[in-house]
Amino acid sequence: MKLTILGGGGFRVPLVYGALLTDRAEGRVTEVVLHDLDDSRLYAVAKVLEEQAARVPDAPKVTATTDLDEALRGADFVFSAIRVGGLEGRAHDERVALAEGVLGQETVGAGGIAYGLRTVPVAVDIARRVARLAPDAWVINFTNPAGLVTEAMSRHLGDRVIGICDSPVGLGRRIARVLGADPKEAWIDYVGLNHLGWVRGLRVAGRDELPRLLADPDLLGSFEEGKLFGVDWLRSLGAIPNEYLHYYYFNREAVRAYQQAEKTRGAFLADQQARFYEEMKRPDAAALTTWDRTRAEREATYMAENRETAGAGERDADDLSGGYEKVALALMRAIARDERTTLILNVRNQGTLSVLDTDAVIEVPCLVDANGAHPVAVAPLPEHATGLVCAVKGVEREVLAAAESGSRTTAVKAFALHPLVDSVNVARRLVEGYTDVHPGLAYLK
């Protein structure tokens with residue numbers, strides 16, 4: 001089975017390959033094709049993968065190419081993890097927004113809109129190529145903003161594109177662990193959009209254990225989200241929000257923390273990864289050791305400003321292991337082998353949430369089999385969550401419309417309607433600022 005990884009020179013690709021190395025069953029991935037626009041990054045990642053595979057018999061064969069059509073042709077699965085504009089682009093997204101006093105995070109608010117506007121046209125081109133060159137392939141999308149990009153690609157690939165994210169997985173795992181339950185045995189009632197969802201229940205053997213967690217202040221305050229949001233707020237909500245909702249519930253504090261930080265997250269990662277890729281150019285570089293060290297630093301500093309604002313302290317060691325690569329592998333196994341499983345995924349709504357139309361991509365538990373991912377029926381969201389989901393989905397639709405039409409006016413509308421952008425004039429200046437620094441937004445007229 002052939003897996004093509006788009007963004008194959010990306011720093012987190014070894015996580016995916018590492019997961020593949022653990023799969024010894026029949027029908028596993030035997031060929032991995034890395035595609036990237038930067039051949040030096042491809043070379044660096046290939047060195048890491050080579051060291052990973054050194055002691056594994058029959059490890060999946062790895063090839064690399066800068067030719068997109070060559071990479072896609074004949075693929076069974078396509079894993080999309082591209083970053084249009086690179087980490088320098090992410091740093092621009094952050095700086096332009098913060099200069100206007102609004103959030104510049106890569107998937108939330110102004111930064112997420114800017115990232116989406118330059119990513120959607122590229123993602124749509126990829127979707128069209130997949131439909132032409134590998135019509136039977138399944139596309140697993142991790143490209144951010146994941147829900148928005150998945151919806152853009154679904155207009156050309158239908159349900160053969162499925163978005164994944166590690167945030168809901170990590171949240172469910174933490175809640176189960178605190179409650180003394182096996183995450184593999186727990187049913188997680190999670191619903192929303194990507195980076196905008198809530199856990200409303202966690203069932204073990206048919207019993208919802210979340211009320212027990214919410215009733216125990218010590219237990220509730222003992223894990224990441226309890227520290228991040230505070231016990232009182234979680235009990236008020238009666239649910240556990242995805243960590244990214246901290247940007248909405250504590251927006252002023254988050255913006256202030258990011259403005260005061262020595263470096264934005266994007267600038268930090270750009271510098272860190274530049275050092276990694278530069279070191280990989282040395283013939284004697286210990287590729288896997290260097291990658292492991294860099295990854296540990298990356299994970300430990302994740303959402304550091306938010307945790308500082310909340311006084312949450314350092315991340316727990318158990319939360320530093322990522323998880324999206326395990327979701328990707330489980331998803332591929334379920335489809336390729338008809339190994340039925342349940343995963344939280346980004347898929348078309350299909351009537352799951354009545355407040356959104358059929359084609360809106362949402363993030364919910366799905367039953368996965370050889371025919372793809374099927375969203376499970378969920379109870380309606382409470383009004384406060386419904387309002388936020390509908391508002392952000394409306395913004396996503398304006399982003400898609402702007403990307404399709406090239407309308408600068410529609411792009412301004414997308415920024416202005418976002419709950420975290422509080423002024424039409426700010427929205428206009430954001431569009432001006434982003435088009436000044438991003439060549440990829442030159443299409444907006």
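Which residues line the second largest cavity? Start there. This is a predicted model.

**Stop 1: the second largest cavity**

Select Met1, Asp23, Gly27, Arg28 and Val29. The space inside is about 50 Å³. Colour the lining by class: five residues are nonpolar, one is polar and four are charged.

**Stop 2: the largest cavity**

The structure holds three cavities of 30 Å³ or more. The largest has about 210 Å³ of space. Its lining counts 18 residues. Select Thr107, Val108, Pro145, Val392 and Glu396, the ones closest to the centre of this cavity.

Now show the helices around the largest cavity. α5 (109-133), α6 (146-157) and α18 (383-405) each supply at least two lining residues. Which of the elements gives the most? Pick α18, with four residues. By class, the lining of the largest cavity has ten nonpolar, seven polar and one charged residues.

**Stop 3**

Zoom in on the bond between Asn144 and Pro145. That peptide bond is cis, with omega about -10°. Pro145 sits in the loop between β5 (138-141) and α6.

Next, jump to Asp58. To place Asp58, display the loop between α2 (39-53) and β3 (61-65).

**Stop 4: the second largest pocket**

Move to the second largest pocket. Its volume is about 800 Å³. The lining of this pocket has 22 residues. Select Val169, Pro183, Lys184, Thr342 and Leu343 to find the ones closest to the pocket's centre.

α17 gives the most, with six. Colour the pocket lining by class and you get twelve nonpolar, four polar and six charged residues.

**Stop 5: the α14 and α15 pair**

Show helix α14 (residues 265-279) and helix α15 (residues 287-300). Their axes lie 10 Å apart and the packing angle is about 170°. That angle makes α14 roughly antiparallel to α15.

From α14, select Arg265, Phe268, Leu269, Gln272, Gln273, Arg275, Phe276 and Glu279. From α15, select Ala287, Thr290, Trp291, Arg293, Thr294, Glu297 and Arg298. The contact between the two helices has five nonpolar, four polar and six charged residues.

**Stop 6: an aromatic pair**

Keep Trp291 of α15 selected, a residue of the contact with α14. A search of the whole structure finds ten aromatic pairs. One of them joins Phe11 and Trp291. The ring centres of Phe11 and Trp291 are 5.8 Å apart, and the planes make an angle of 35°. This pair is tilted.

Where do the two partners lie? Phe11 is in the loop between β1 (2-6) and α1 (13-21), and Trp291 is in helix α15, so the pair ties together parts that are 280 residues apart in sequence. Display that loop and α15 together to end the tour.

How values were computed: Residues are numbered from 1 along each chain as its sequence is written. This is a predicted model: local features need pLDDT of at least 70, side-chain atom pairs count only at pLDDT 80 or more; totals for chains, interfaces and linings use all residues. Side-chain values use heavy atoms; hydrogens and water are left out. On a 1 Å grid over the protein atoms alone, a cavity is a set of points where a 1.4 Å probe fits but cannot get out, and a pocket is an open set with protein on both sides within 12 Å along at least five of seven lines; lining residues have an atom within 4 Å of a point. Grid points are joined across faces, edges and corners, and a volume is the space filled by probe spheres set on the points. Ala, Val, Leu, Ile, Met, Phe, Trp, Tyr, Cys and Pro count as nonpolar, Asp, Glu, Lys and Arg as charged, and the others, Gly among them, as polar. Axes are lines fitted to C-alpha atoms, for helices over the stretch in contact, and angles run from 0 to 180 degrees between N-to-C directions. Angles under 35 degrees count as roughly parallel, over 145 as roughly antiparallel, 65 to 115 as roughly perpendicular and the rest as oblique. Contact means heavy atoms within 4.5 Å. Rings of Phe, Tyr and Trp (its six-membered ring) pair if their centres lie within 6.5 Å; planes under 30 degrees apart count as stacked, over 60 as edge-to-face and the rest as tilted.
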